[in-house]
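Let's take a look at how charged side chains pair up in this protein. Here come the sequence and the structure.

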Amino acid sequence: MEGDVFSGFGDRHNMDGKLLQSFQKSFVDVQDILDQNRLLINEINQNHESKQPDNLGRNVGLIKELNNNIRRVASLYGDLSHSFARSIDASSEGESSGTLKSDGKANQKRFRSG
């Protein structure tokens, strides 16, 4: 019966590794977008300071690109939040010996020694 306690450990460790890789990729993606936004903002500021009509007209497109990038960052952070919440839920389900029913009453699981 001892083996039953640790039977899911390898799967959980593998799942945690995949989750961390996913988080890392998302954070790298966000950082790349933020770096791009920094460049866009610098260009927008330079165009604005120049007061040249062509440069000011170009800012319209740059600001649209900046807004789209901000939406992408918000979406990536939303996905990260959702993934993190799911992993916490899955982790707490695996570690908990009791659960709550929808009516709020505890539903205790019983373990038999064998």
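## Salt bridges in the model

K25 is exposed, with a relative accessibility of 53%; here buried means under 20% relative accessible area, exposed over 50%, and partly exposed in between (1.4 Å probe, protein chains only). Keep in mind that this is a predicted model, where local features need pLDDT of at least 70, side-chain atom pairs count only at pLDDT 80 or more, and totals for chains, interfaces and linings use all residues. Residues are numbered from 1 along each chain as its sequence is written, and side-chain values use heavy atoms, leaving out hydrogens and water.

So who does K25 pair with? Its side chain meets that of D29 in a salt bridge, meaning a side-chain nitrogen of Lys or Arg within 4 Å of a carboxyl oxygen of Asp or Glu. By this rule, the count is three salt bridges:

| Pair | N to O distance |
|---|---|
| K25 and D29 | 2.9 Å |
| D35 and R38 | 3.0 Å |
| R58 and E43 | 2.8 Å |

Helices (H or I, at least four residues) and strands (E, at least two) are DSSP runs, numbered from the N terminus. R58 is partly exposed at 46%, and E43 is partly exposed at 26%.

K25 and D29 both sit in helix α2 (residues 9–50), four residues apart, or about one turn of the helix. D29 is partly exposed at 25%.

D35 and R38 are three residues apart in helix α2, about one helical turn. D35 is partly exposed at 30%, and R38 is partly exposed at 49%.
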